[in-house]
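Dear colleague,

Please find below the structure that I am handing over to you. I would be grateful if you could look through it before reading my notes.

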Amino acid sequence: MTKSILVLKLGSASITTSKGEIDEAIIADITRQVAELALNHHLILVSSGAVAAGKKYIKNYKGKISERKAAASIGNPLLLSTYSKHFKPYNISIAQSLCERQHFSHRTQFLQLKETYEELWKNGVIPIANENDVVSNLELKFSDNDELATLLGVGFGASLILLGTSVPGVLDKEGKVIDKIESINNEVFSLANKNTSEVGLGGMISKLTFANLASTMGIKVVIFGVRTPDGILKAAKGESGTICTPKNCSISARNKWLASGSLVTGRLMVDAGASEAIRKRKSLLAVGVKSIEVDFANGEIFEIIDEQNNIVAVAQAKVSSNTISKNAKQHNLEIANASDIVIL
């Protein structure tokens, strides 16, 4: 593909009115800007708002899981209809993509999803992605659409992820927008407002968490205000919001998927020697394991943590945690090959 891939995520609070209903005026402005970006990019639009669009049809809505699912089933077609109407003047067609966590945890399903998107782009169609709230299992849900946007961006090799929000960017202690963040550390996280909006699941901490993952994988991320005049176009040019600087990353597409899209099921703790060896691109052997924190099966993905509970890497297991326990004295037992370990 000759065009670069751009992921644009829009939060519920940024596209709804003060009453929590879809704001058609802002949708019209969004489609105008997206139509311009589509000339030079393959677009993925990750849009929240289905629950907000549908909840008024649920009597005495309280926000219970069953009510959210019902509201989403009503709101999804309403939201897509609104986008379709406002994209029509630009001769742009859209497609709905309802995603589930399992679509990213299985490599084969993920590649099928990628092939579908590529076919849509070939035909000038913009996919609009959202979580499949109607059927998603609570334990396998995306934390929010910031995560979904990041998994799509990292997995598909996007050059840019724009995380739209209701504020103009990441704000410093004086309330001014921070133009650029070189490294997302504890000091940066301390600036984030811990609150989420009444209509959304995420917040600034979520955006920074997934911006950190994306930038580590070599993707430029901009956190910006959707309601800033020409905010999307300016953010794409780096003229609006907060730029999270991408790091140099040369790992394979498969390992990017492993680090971001796979479903982590287990966890084990390693000693300092094993942690250092992993960082030097060595395989993980049983001799370095301190403890198994969460069990996992052969072939499943597990986290590797050090003795300070910091995540060192994720890896695909060559043996199960049960096998490790039974063969604890077999120090040369290979738990994960270096090619199946991604350092974080």
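The average pLDDT of the protein is 87, and 93% of the residues score at least 70. Residues 195–202 have a pLDDT below 50, although this stretch has 16 contacts in the model beyond near neighbours in sequence. Where pLDDT is low, the predicted coordinates should not be read in detail.

There are 11 salt bridges in the structure. One of them pairs E24 with K85, with 2.9 Å between the closest N and O atoms. Because E24 belongs to helix α2 (residues 24–37) and K85 to helix α4 (residues 65–87), the pair ties together parts that are 61 residues apart in sequence. E24 is partly exposed, at 36% relative accessibility, and K85 is partly exposed at 46%.

R32 forms a salt bridge with D29 (2.7 Å); these two residues are 3 apart in helix α2, about one helical turn. R32 also meets D230 in a salt bridge, at 2.7 Å from N to O. D230 lies in the loop between β7 (220–225) and α10 (231–236), so its pairing with R32 in helix α2 ties together parts 198 residues apart in sequence. Elsewhere, K9, D146 and K207 are linked in a network of salt bridges.

Finally, the axes of helix α6 (residues 107–122) and helix α7 (residues 145–156) come within 11 Å and cross at roughly 85°, which means that α6 is roughly perpendicular to α7. F110, L113, K114, Y117 and W121 of α6 make the contact with L152, G155 and F156 of α7. Of these residues, 6 are nonpolar, 1 is polar and 1 is charged.

With kind regards

Note on methods. Residues are numbered from 1 along each chain as its sequence is written. This is a predicted model: local features need pLDDT of at least 70, side-chain atom pairs count only at pLDDT 80 or more; totals for chains, interfaces and linings use all residues. Side-chain values use heavy atoms; hydrogens and water are left out. Axes are lines fitted to C-alpha atoms, for helices over the stretch in contact, and angles run from 0 to 180 degrees between N-to-C directions. Helices (H or I, at least four residues) and strands (E, at least two) are DSSP runs, numbered from the N terminus. Angles under 35 degrees count as roughly parallel, over 145 as roughly antiparallel, 65 to 115 as roughly perpendicular and the rest as oblique. Contact means heavy atoms within 4.5 Å. Ala, Val, Leu, Ile, Met, Phe, Trp, Tyr, Cys and Pro count as nonpolar, Asp, Glu, Lys and Arg as charged, and the others, Gly among them, as polar. pLDDT is the predictor's confidence in each residue, from 0 to 100. A salt bridge is a side-chain nitrogen of Lys or Arg within 4 Å of a carboxyl oxygen of Asp or Glu. Buried means under 20% relative accessible area, exposed over 50%, partly exposed in between (1.4 Å probe, protein chains only).
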